[in-house]
Amino acid sequence: MPRFNPDSDVLIATVGRPHGVRGLVHLHAATDDPASVETLGVLHDGQGMAWTARWVSAGVAALTDADGQDLPDRTAAERLVNAKLYVPRTVLPETGDDEFYHADLIGMTAVSADGDVLGTVLVVHDYGAGVSLEVDRGLIVPFTLACVPRVDLAKREVTLVPPVEVEVEGDLSGEVQVRA
């Protein structure tokens, strides 16, 4: 199997710390539905090694290599910590209207409402409180309809309307209120 190809591979999960001593790992799904990590079938890491994942409990999985062998022990699991697991984009289901894979957004040209080029989308962040887009010129905007009113997959272009100002009230060590 080939190595990671940034033009065609999509991140599906990241291997976390070992769980116990029998080769299980914490697996962090990069999908809306963690069950899809298992149902997508064969995944590959950055070196091209093939893996399949089987959930054994919430967030904990057994990884099986291309020879059908599960990770034998904690030491083997430790060697895979932070390994990224991918599938080719072609095996993913088609998206609906106004749905996007994060991988589809990366590399798009970001433009202002007036059409001025703001840069290129480098990263799509999702820390659980909402998705944001990071542009290579240091701009980070929430991925909301107000700040990203248009995504044109055919033109590989997103329109960004950055918030004018973000105001923070309160002591940063305690409760903080943010107004835009």
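**View 1. N82, in the loop between helix 2 and strand 6****.** This is a predicted model, in which local features need pLDDT of at least 70, side-chain atom pairs count only at pLDDT 80 or more, and totals for chains, interfaces and linings use all residues. Residues are numbered from 1 along each chain as its sequence is written, and side-chain values use heavy atoms, with hydrogens and water left out. Helices (H or I, at least four residues) and strands (E, at least two) are DSSP runs, numbered from the N terminus. N82 isn't a glycine, yet its phi is positive, at about 75 degrees. Most residues other than glycine have a negative phi. With 56% relative accessibility, N82 counts as exposed (exposed is over 50% relative accessible area, buried under 20%, partly exposed in between; 1.4 Å probe, protein chains only).

**View 2. V15 and the largest nonpolar core****.** A nonpolar core here is a set of buried Ala, Val, Leu, Ile, Met, Phe, Trp, Tyr and Cys residues joined through side-chain atoms within 4.5 Å. Strand 1, strand 2, strand 4 (50–57), strand 5 (60–65), helix 2 (74–79) and strand 6 each put in at least two residues, with strand 1 giving the most, four. Skip the neighbours within four places in sequence, and V15 still touches V25, H26, L27, L63, L80, V81, N82, A83 and L85 (contact means heavy atoms within 4.5 Å). Another core, of 12 residues, lies apart from it, and includes L105, V141, V158 and L160.

**View 3. The largest pocket, at about 1,300 Å³****.** A pocket is an open set of points on a 1 Å grid over the protein atoms alone, where a 1.4 Å probe fits, with protein on both sides within 12 Å along at least five of seven lines; lining residues have an atom within 4 Å of a point. Grid points are joined across faces, edges and corners, and the volume is the space filled by probe spheres set on them. Of the 41 lining residues, V10, L11, A30, Y101 and H102 sit nearest the centre. Two or more lining residues come from each of strand 1 (9–19), strand 2 (24–29), helix 1 (35–39), strand 6, helix 3 and strand 8 (117–126). Strand 1 gives the most, five. By class, the lining splits into 21 nonpolar, nine polar and 11 charged residues (Ala, Val, Leu, Ile, Met, Phe, Trp, Tyr, Cys and Pro are nonpolar, Asp, Glu, Lys and Arg charged, and the others, Gly among them, polar).

**View 4. F100 and F143, an edge-to-face pair****.** It's the one aromatic pair in the structure. The ring centres are 6.2 Å apart and the planes at 70 degrees, so the pair is edge-to-face (rings of Phe, Tyr and Trp, the last by its six-membered ring, pair if their centres lie within 6.5 Å; planes under 30 degrees apart are stacked, over 60 edge-to-face, the rest tilted). The pair links distant parts of the chain, 43 residues apart: F100 is in the loop between strand 6 (84–88) and helix 3 (102–105), F143 in the loop between strand 10 (140–142) and strand 11 (150–152). F100 is partly exposed at 24% relative accessibility, and F143 is partly exposed at 26%.

View 5. D98 sits in the loop between strand 6 and helix 3, and its phi is positive, near 60 degrees, in a residue other than glycine. D98 is exposed, at 72% relative accessible area.
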